[in-house]
Amino acid sequence: LWFRLPLMFAALRYFILKPEAARTLVASWLLGVLGLVAVDTIWQFVTHVSLTGNPRIEHSQRLTGPFTSPKVGIFMGKLLLPCVGLCLVAALMRKQAWLALASLALLGGAVVTIIFTGERAAFITTALGCATAAALMMMTEKRLRVPIVLAASLSIGAFITLYNTSAWVHSRGSQMIEVIKHYPQSDYGQLMQAAITMGKEHWLHGVGVHGFAALCPQLQYGTYIFRGLHPHNIFGEWFAEAGAIGLVLFLAMIGVLLREGLRALRGTTGIARVIPALAIGVLVQHFFPLMGMQSFFLNWSALLLWYSLALVFAAMPTSRGVLPNVG
């Protein structure tokens, strides 16, 4: 029943979140939730037990925050950019400096928290989304170039400092570098190769949604023997489970969303450009092909993917170059 997710996207974008007040309310509440999650996660990092009572799982090398399994980084990463973007635009339109500063402060704090969670893909994809949106704003708004360069320099400096001073961050960063250097031999590389092989054997229509979990052979990474529930790459998942036809349709869907974001970016000015820039950043965050990813079809993160897309695209400026339902 994965198709309920695009239906949810349509309902949120075109009906539920169509009023600007509804989007701002949802984004504000979600920012509050993300703030609490960040505090809970940092507390777990410092004390080894979260405020919600979850002990740190040392062998997993990832934090859990308020959850019972290590997924807090992905949770924060997938919701962060749309929520910050909507609250920031609302604050700028209404000239509420405190809300704008709170949104930016939470963005920085949440990214640092994601680093501490130990979830490498969550951090890299969130950083890619931020970098894409910032680059687009620099290209279209010259007055923002110096502030963005300064913010980027501070962010890079903070990460380098954490990498060199925190054994935890250094360990996870080094492991990420090793996975990239030896990707074909890693667990992610083996799962992707299994997906490619499966797609080639059933190239036209694939093996069906959720079919990868049933047909994936036993794989070995070090002493760990496993079978994958999904290929940890959305493109490999589409090829294996929906074949070439499904993969082409999926790429077309991304192309439609990207074209809409670029069209809105070209047709707007000033504050209105923040949303399309962030929308393109969210697309890059979710669909950058050279990353380990969650499933597009079967797990909780697929819900967050569609939800975050609906939230940011519901706020997309109209063809007249203004934000919908504002002013």
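Predicted model: local features only at pLDDT ≥ 70, side-chain atom pairs only at ≥ 80, totals over all residues.
**Entry 1: cavities**

The structure holds two cavities of 30 Å³ or more. I looked up the volume of the largest cavity and got about 130 Å³.

Which residues line the largest cavity? I listed Ile 114, Ile 115, Gly 118, Glu 119, Arg 120, Phe 123, Phe 159, Val 169, Arg 172, Gly 173 and Met 176. The largest share comes from α7, with four residues.

I then sorted the lining by class. Six residues are nonpolar, two are polar and three are charged.

**Entry 2: salt bridges**

I searched the whole structure for salt bridges and found five. I noted some of them here.

I started with Glu 260 and Arg 13. Their side chains meet in a salt bridge, at 2.1 Å from N to O. This pair links distant parts of the chain, with Glu 260 in helix α10 and Arg 13 in helix α1 (residues 4-16), 247 residues apart. Is Arg 13 buried or exposed? Arg 13 has 10% relative accessibility, so I marked Arg 13 as buried. Glu 260 comes out at 24%, so I marked Glu 260 as partly exposed.

Next I turned to Glu 141. Its side chain meets that of Arg 273 in a salt bridge, at 2.9 Å from N to O. This pair also links distant parts of the chain. Glu 141 lies in the loop between α5 and α6 (145-165), and Arg 273 lies in the loop between α10 and α11 (274-287). They are 132 residues apart.

Glu 141 has a salt bridge with Arg 143 as well, the closest N and O atoms being 3.5 Å apart. I therefore wrote down a network of salt bridges that links Glu 141, Arg 143 and Arg 273.

How does accessibility run across the network? I used the cut-offs of under 20% for buried and over 50% for exposed. Glu 141 has 10% relative accessibility, so Glu 141 is buried. Arg 273 is at 12%, so Arg 273 is buried. Arg 143 is at 63%, so Arg 143 is exposed.

**Entry 3: positive phi**

I checked phi next. Most residues other than glycine have a negative phi.

His 48 is not a glycine, yet has a positive phi of about 75 degrees. Where is His 48? I placed His 48 in the loop between α2 (20-47) and α3 (72-94). Its relative accessibility is 37%, so His 48 counts as partly exposed.

His 232 has a positive phi too, near 60 degrees. I found His 232 in the loop between β2 (224-226) and α10 (234-266). Its relative accessibility is 23%, so His 232 counts as partly exposed.

**Entry 4: a nonpolar patch**

Last, I looked at the surface. Which residues form a nonpolar patch there? I noted Trp 203, Leu 204, Ile 245 and Leu 249. Together they have about 440 Å² of accessible area.

I followed up on Leu 204. Leu 204 sits in the loop between α8 (187-201) and α9 (211-215). Its relative accessible area is 39%, so Leu 204 is partly exposed.

Notes: Residues numbered from 1 in each chain as written. Heavy atoms only, no water. 1 Å grid on protein atoms, 1.4 Å probe; cavity = no way out; pocket = protein on both sides within 12 Å on 5 of 7 lines; lining within 4 Å. Points joined across faces, edges and corners; volume = space filled by probe spheres on them. Helix = DSSP H or I, 4+ residues; strand = E, 2+ residues; numbered from the N terminus. Nonpolar A, V, L, I, M, F, W, Y, C, P; charged D, E, K, R; others polar. Buried < 20%, exposed > 50% of the residue type's maximum accessible area, 1.4 Å probe, protein only. Patch = residues over 30% accessible without salt bridge, like charges linked within 9 Å, V, L, I, M, F, W, Y side chains within 5 Å. Areas by Shrake-Rupley, 256 points an atom, 1.4 Å probe, with all protein chains shown as cover. Salt bridge = Lys/Arg side-chain N within 4 Å of Asp/Glu carboxyl O.
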